[in-house]
Amino acid sequence: MKKLTPYLFTQLKYPYTLPPLPYVYEALEPHFDKATMVVHHQKHHQAYIDNLNKALETNSQYQAYTIEELLISLSTLPTDLKAVVQNHGGGHYNHSLFWQTLTTKFDQQPTTVIAHKIDEAFGSFEKFKEAFDKAARTVFGSGWAWLCLDQKDKFVIIPTPNQDNPLSQGLRPLLGLDVWEHAYYLKFQNRRVDYIDAWWHLINWQEVETVYIKASAI
Ligand code: MN3
């Protein structure tokens, strides 16, 4: 397996801080509600950051690693730190990418570059959407659905449990959907499918292309 090198959050290092959202909390209404956005960003995301920082306080030799380096090297970390990086380091990275790939300009279409890669891998946008929806719907309990770049630079869809990040399995995440109940319960209660439908209106395909260009350059 090709060892990945950092390409995205190269500026994120200990001590980690909560990145501000690129829009106001109510900007994604009516698809994502303000109350969920506030608690999701200020409480959930912040908690992952706090727990990651706490573990790195006592593992100072890893403080110089970026969040990507920690996740890429997950299997080589000391056991106690490994569990924290997997859950809370993953939580920090995953949410950072999640916020960044949402837009207040609703109902964007994939850019030409991304549409081409989607067609190459899945046949059509409709088939891609169907496969992604299925991955997101069928995560059991808490987790994520991802569009990633695989080792052969092809697009793939994978689910991950909890806050596991695709970097730790040699895949480069381009777009992720948080399907933890904390992401949707206030507005949608148990209706994960309705939340997934809402998310499709919010995807920032221009940003996905930016991430893809960085990911494909390593
Ligand atoms: Mn979340």
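## The interface between the domains

Across the interface of domain 1 and domain 2, the rule finds zero salt bridges. Polar contacts are present there, however: the count between the two domains is 10 residue pairs, both members at pLDDT 80 or more. These values come from a predicted model.

On the side of domain 1 that touches domain 2, α1 (34–57), α2 (67–72) and α3 each supply at least two residues. The largest share of that side, 10 residues, comes from α3. Altogether, 21 residues of domain 1 are in contact with 24 residues of domain 2. The area buried between domain 1 and domain 2 is about 1800 Å², and carbon and sulfur atoms give 58% of this area.

## Division of the chain

Domain 1 covers residues 33–100, while domain 2 covers residues 112–216. The C-alpha centres of domain 1 and domain 2 lie 20 Å apart.

## The manganese site

Four residues coordinate the manganese ion: His-40, His-95 and His-182, each through NE2, and Asp-178 through OD. Along the chain, the donors of the manganese ion follow the spacing H-x54-H-x82-D-x3-H.

Within this site, the pair His-95 and Asp-178 links distant parts of the chain, the two residues being 83 residues apart. His-95 belongs to helix α3 (residues 79–100), whereas Asp-178 belongs to strand β3 (residues 172–178). Both His-95 and Asp-178 are buried.

Definitions and conventions:
Residues are numbered from 1 along each chain as its sequence is written. This is a predicted model: local features need pLDDT of at least 70, side-chain atom pairs count only at pLDDT 80 or more; totals for chains, interfaces and linings use all residues. Side-chain values use heavy atoms; hydrogens and water are left out. Donors are N, O and S atoms within 2.8 Å of the metal (3.2 Å for Na, K and Ca); water is not among the atoms, so sites may look incomplete. Helices (H or I, at least four residues) and strands (E, at least two) are DSSP runs, numbered from the N terminus. Buried means under 20% relative accessible area, exposed over 50%, partly exposed in between (1.4 Å probe, protein chains only). Domain bounds come from an automatic or database domain assignment. Contact means heavy atoms within 4.5 Å. Buried area is the accessible area (1.4 Å probe) that two parts lose on being put together, summed over both. A salt bridge is a side-chain nitrogen of Lys or Arg within 4 Å of a carboxyl oxygen of Asp or Glu. A polar contact is a pair of N or O atoms within 3.5 Å; within protein, one must be able to donate a hydrogen and the other to accept it, and residues adjacent in sequence count only if both atoms are side-chain atoms.
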